Amino acid sequence: MNYEYEMMPLFKDHKIALSKKHRFTTDAVLLYDFSKTANIKRLCDLCSGTGVIAFLHNLKNPHPPAYTLAIEIDEEACFLIEKTIEQNCLSNMKVSNCDLREAARPSDEQLFDAITCNPPYFKENTGDMGKRFAARQESFCSMADVARASQRFLKYGGRLFLCHRPERLCDIFLELRKASIEPKKIRFARYSKGKEPFLVLVEGKKGAKPGIKLMEDLIIWENGQHTEEYKKLSAMN
């Protein structure tokens with residue numbers, strides 16, 4: 001099935017396919033920046049949406065993964081990912097249109113070094129009730145589902161990078177530990193100093209010992225301007 005879409009600038013001369021229904025937000029860009037320092041050979045992007053996090057790893061990261069798999073339940077979103085793969089000639093990236101709750105565990109040699117995930121933020125029947133209902137609420141994918149899928153797909157010592165609402169932090173830690181993924185780093189993002197954080201970035205490691213590092217907050221605005229750190233990490237040139 002074909003869907004209406006447009007090719008939009010992403011990074012330098014690279015473009016990404018977007019539609020009225022499927023766009024991407026600052027949260028995804030912040031998650032890419034949080035996860036880009038990892039030495040990733042095999043990357044899986046869960047709840048991939050437009051695939052922007054996976055594409056940034058392949059197009060902007062100076063050390064892109066040798067193989068990337070985007071997993072997304074929405075058929076239109078998968079169509080857009082395919083178009084972006086074609087546009088940018090990414091032979092090392094594939095998309096799977098499936099429910100991550102039902103995706104089978106890969107063979108041992110195909111397990112992933114890292115997983116990125118920008119999951120639905122709100123519990124079912126709460127929060128944002130807009131057009132992108134399935135992408136925003138846990139109707140088809142809960143934090144527990146993300147943790148269990150990550151446990152199946154990650155190799156021992158592999159890392160999960162996700163972003164979420166700060167008020168869900170207790171749920172995140174609980175589900176990760178149940179899946180033998182130990183939270184190792186967290187970072188809060190705030191629009192400005194003194195404001196409540198609007199996002200939390202979490203890194204978990206499969207099979208790791210307890211011990212967590214709290215990173216310095218990421219501040220978006222200061223004195224009416226974007227901070228130097230935010231301008232640097234969000235630059236698409």
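Colleague: Let's start with α2: which residues of α2 are buried?
Modeller: Quick note: this is a predicted model, where local features need pLDDT of at least 70, side-chain atom pairs count only at pLDDT 80 or more, and totals for chains, interfaces and linings use all residues. Residues are numbered from 1 along each chain as its sequence is written, and side-chain values use heavy atoms, with hydrogens and water left out. Helix α2 covers residues 52–59, and eight of its eight residues are buried, so the rest of the structure largely encloses it. The buried ones are Val-52, Ile-53, Ala-54, Phe-55, Leu-56, His-57, Asn-58 and Leu-59.

Colleague: What do "buried" and "helix" mean here?
Modeller: Helices (H or I, at least four residues) and strands (E, at least two) are DSSP runs, numbered from the N terminus. With a 1.4 Å probe and protein chains only, exposed is over 50% relative accessible area, partly exposed is in between, and buried is under 20%.

Colleague: And α5, what covers its buried residues?
Modeller: Helix α5 spans residues 143–153, and eight of its 11 residues are buried, so it is largely enclosed by the rest of the structure. Among the buried ones are Met-143, Asp-145 and Phe-153. The cover includes β3, β4, β6, β7, α6 and β8.

Colleague: Which side chain does the side chain of Asn-88 make a polar contact with?
Modeller: Asn-88 sits in the loop between α3 and β5, and it is buried at 11% relative accessible area. Leaving aside neighbours within four places in sequence, Asn-88 is in contact (heavy atoms within 4.5 Å) with His-14, Lys-15 and Leu-59. A polar contact is a pair of N or O atoms within 3.5 Å; within protein, one must be able to donate a hydrogen and the other to accept it, and residues adjacent in sequence count only if both atoms are side-chain atoms. At 3.1 Å, the partner side chain is that of His-14.

Colleague: What is the bridge partner of Met-7 in β2?
Modeller: Strands β1 (6–11) and β2 (14–18) run antiparallel and are joined by five bridges; strands pair if DSSP finds at least two bridges between them. Their hairpin has two residues between the strands, and Lys-12 takes a positive phi near 50 degrees. Met-7's partner is Ala-17.

Colleague: How far apart in space are Leu-233 and Ser-96?
Modeller: Leu-233 lies in helix α7 and counts as buried at 6% relative accessibility. Leu-233 and Ser-96 are 137 residues apart in sequence, and C-alpha to C-alpha the distance is 28 Å.
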